Amino acid sequence: RYIGKPILRVEDDVILRGRAQYVDDIEPPGVLYAGFVRSPYAHARVVKVDLSDVRGAKGVVAVFGPELGFAPGGKVRYQGEAVAMVVARDRYLLYDALEKAVVEYEPLPAVLDIFEAMKPGAPLVDESLGSNIASDEVYQGGDVEGAFREAARVLEGRLSTQRVIPAAMEPRGVVAMYDGATLTMWSSTQVPFDIKKEVAKALDLPLSSVRVIQPYVGGAFGSKLLVYPEEVAVAKAAYMLKRTVKWVATRSEDFKATTHGRALVLDYKVAVDNGGRILAIEGTVYADAGAYYWGEGLADTAAKMLPGPYEIRAARVRAVSVLTNKTPLSAYRGAGRPEATFFIERIVDAVADELGLDRIEVRRRNLVKRLPYTNPLGVTYDTGDYPAVFERALEKLGYYQLKRWAEEEWKKNGRLIGVGLSAYVEITTFGYEAVVMRAERDGSITVYTALTPTGQGLVTALAQVVADELEIPIEKVRVYWGDTAYVPDGIGTMGSRSITAGGSAAILAARKLKAELSKAAAQLLNCEPVYRGGVFHCGDRSATIQDVVKAVLRGDAEAQLTVEAIYHAESNFPFGVHLAVVEVDPETGFVKPLLYKSYDDVGQVVNPLLAAGQIHGGALQGIAQALYEEAIYDEGGNLLTPNLAYYYVPTAHEAPRFEVYFAEEPHPSATPIGSKGIGEAATIASTPAVISAVEDAIRKINPRARIVKTPADPEYVYK
Ligand code: MCN
Ligand code: MO
């Protein structure tokens, strides 16, 4: 069996030798380069777009203005919004030509703060809405008023998470080629099927004549799961010019033109009894949605997951998404769950402190005791045993030993070391996923998946799953992804759904293929064969997959050697406990993460090496969220962190030491594969664990310190 083993990534040979093709490596002969004229203003009326000098500039092939749908409503709503597109035969000439665009703007007052944006008379980002509130929903359940009446204590406060920039190593980019019959696109995306549908609609082409390929992608983190205006515009240009057109964002362009993440704020009130039991929670989650409401439901997800893994019997949480003159907000690794987890974990720590109880003990008292469990906002957590996993995690992570060690270091050496812990429950997996599988004449198996890996190692994981199901060596399985020509439809890689939804589809396809091969083998061997280890047996006679395929292809049998399976997945809910150890420099407030440990129950672990990799990368992103990453705007809406010189993305150097554990007795999901997602778990659990650790450290010198926002950067920690 391959499932459960730390198989090395089959992707890496290609990637590490520099042979993987990313969008910008795709250079068809005669390719033209597209670039965008972007607004320097965060909010302005577009009075006039004069592109005559651009049209006359050297190397320019075509110029597209507002007619292509840029600056809808005649105004720009965030710095970096496109107002025109230029296509040139050379990249350098393109950037020279872009500077020749003359756009006359009438600047409008920009609104940057969500609370300002909600005030009557605030400048409107979208006049057609009549206010800056793009969405406003209330989620509730249980007797909230009763719980507050009964409460021994009521705690309230505001918690906020900063806006961050996903900053994938590879910026977005797209190539579109039109040969008069087929429009073929390559995009650095998570959603080739969505692009295909939207482009076909925009150009009024049949779906069958649009093909979208997702080549290797250097990271996405949720920021490539929308169909972006540039993708449609480049497709239109290629179609109109009957040429090949490429656009690849520069880093600073990507920082403004690709969606940002987080930026949620919670105002809360909790009702607690004297034993630290949380009876009810009431509050509002606000999202700083940016200039367009693209990241639908982020505040809503955070609201619905706010109770976390705790049995809180009543809740009323409002979710409000507020437009501002910033880059639109959308999914970023965890998309609502990191914020919900940060909020509830901060609240639980506050309850413990307020009542003078141990933070662990308060968690213990509040954890959901029996699964499945429906939280007061209607979300049903599927499987698990939170109390047992929690206790086992405490042991494995060595929480109390580390606390003692930190205390000794403080007493003996004056070191400010803090230990923090977080527990989380999150939602992973949704929707359908498709797999096409073919048995080849040499007995090997070709698998086409609609998943869209961007670094997770899914080619390896799917090969493990298929090799196990067909009982054949993994070398006989080849997995292809990211081409709408080979799979009818699919959703893609997001929501930590891939191995659970796509792996389950692969299991169903392998079973179908086995059944078809078995039918053919029965004809060939003249009996009902038994399948074992890739071979059909009838007494002492046998036929390999290869024999059967050859027979079928010779016309000896009627069988389907290409099968297709679609799996519709229900969501599942991983649970885990993460721990962080940090050291604070009392002179500067600088925080150094020393150690990070995790214990997760994600059902069946398919490949512990891949899963651990997800913890490392995810935790590092969450640590940066806790300590330093931040998209900063000035009051005019200028992005002051427009590139990697000003925006701090963590590197290996900033990483702590990791110890990653998975539950010895996992609780599987109700899917053929039994896994739950791990792709976002550490991004979700790490921020609150790190913040709790920083607070633990600084309390040694300031017992009343309380961290209520991220990032806890040196300036904030020092205060
Ligand atoms: N895995 C496993 N056992 C499990 C669950 C997962 O071995 N029980 C393995 C899988 O085989 C896969 C990896 O862990 O190799 C992640 O699987 P899964 O949890 O199904 O998540 P997805 O593959 O759907 O990945 C999406 C997830 C999301 S939503 C974001 S955002 C994110 C993330 O993955 N973006 C990433 N991790 C990323 N990692 C990289 N390198 N780049 C990104 O852009
Ligand atoms: Mo994601």
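Ser330 counts as buried in this predicted model, because its relative accessibility is 3%, which falls under the 20% limit for that class. Ser330 is found in the loop that runs between strand 17 (314-323) and helix 10 (337-355). Once residues up to four places away in sequence are set aside, Ser330 touches Leu225, Leu226, Thr259, His260, Gly261, Trp294, Gly295 and Leu298.

**Domains**

- The chain is divided into domain 1 (109-166 + 260-381), domain 2 (168-258) and domain 3 (431-569).
- Between domain 2 and domain 3, the centres taken over C-alpha atoms are separated by 30 Å, and the two domains meet through contacts that involve 19 residues of domain 2 and 21 residues of domain 3.

**Ligand 1 and its surroundings**

- Ligand 1 lies between domain 2 (168-258) and domain 3 (431-569), because both of these domains give residues to the shell around ligand 1.
- The residues that surround ligand 1 number 32, and the closest of them are Ala220, Gln456, Ser498, Gln614 and Ile678.
- By residue class, the shell around ligand 1 divides into 12 nonpolar, 16 polar and 4 charged residues.
- Backbone polar atoms of the protein approach ligand 1 at several places: an oxygen atom of ligand 1 is 3.0 Å from a polar backbone atom of Ile499, a nitrogen atom of ligand 1 is 2.8 Å from a polar backbone atom of Gln604, and an oxygen atom of ligand 1 is 2.9 Å from a polar backbone atom of Gly679.
- Taken alone, ligand 1 exposes 830 Å², and the protein buries 95% of that area.
- The elements that give two or more residues to the shell around ligand 1 are helix 14 (458-470), helix 15 (498-525) and helix 17 (608-627), and the largest share, 3 residues, comes from helix 17.

**Cis peptide bonds**

- Leu371 and Pro372 are joined by a cis peptide bond with an omega of about -5°, and Pro372 lies in the loop between helix 11 (359-366) and strand 18 (373-374).
- A cis peptide bond also leads from Thr710 to Pro711, where omega is near 0°, and the place of Pro711 is in the loop between helix 18 (681-698) and helix 19 (714-718).

**Positive phi outside glycine**

- Lys242, a residue other than glycine, has a positive phi near 50°, and Lys242 is found in the loop between helix 7 (229-241) and strand 13 (244-248).
- Lys242 counts as exposed because its relative accessibility is 53%, which is over the 50% limit for that class.
- Thr429 is not a glycine either, yet Thr429 has a positive phi of about 75°, and its place is in the loop between strand 20 (416-425) and strand 21 (431-439).
- Buried or exposed, how does Thr429 count? At a relative accessibility of 1%, Thr429 counts as buried.

**Lys403 and its contacts**

- Lys403 has its place in helix 13 (residues 399-413), and Lys403 is partly exposed, with a relative accessible area of 27%.
- When neighbours within four places in sequence are left aside, Lys403 is in contact with Val419 and Asp696.

**Pro672 and its contacts**

- The place of Pro672 is in the loop between strand 30 (657-662) and helix 18, and Pro672 counts as partly exposed at 31% relative accessibility.
- Leaving out residues up to four places away in sequence, Pro672 touches Ser504, Ile507, Leu508 and Tyr567.
- Pro672 and Glu516 are 156 residues apart in sequence, with 20 Å between their C-alpha atoms in space.

Technical notes: Residues numbered from 1 in each chain as written. Chains lettered and ligands numbered in written order. Predicted model: local features only at pLDDT ≥ 70, side-chain atom pairs only at ≥ 80, totals over all residues. Heavy atoms only, no water. Near = heavy atom within 4 Å. Polar contact = N/O pair within 3.5 Å; in protein donor to acceptor, adjacent residues only side chain to side chain. Areas by Shrake-Rupley, 256 points an atom, 1.4 Å probe, with all protein chains shown as cover. Helix = DSSP H or I, 4+ residues; strand = E, 2+ residues; numbered from the N terminus. Nonpolar A, V, L, I, M, F, W, Y, C, P; charged D, E, K, R; others polar. Domains from an automatic or database assignment. Buried < 20%, exposed > 50% of the residue type's maximum accessible area, 1.4 Å probe, protein only. Contact = heavy atoms within 4.5 Å.
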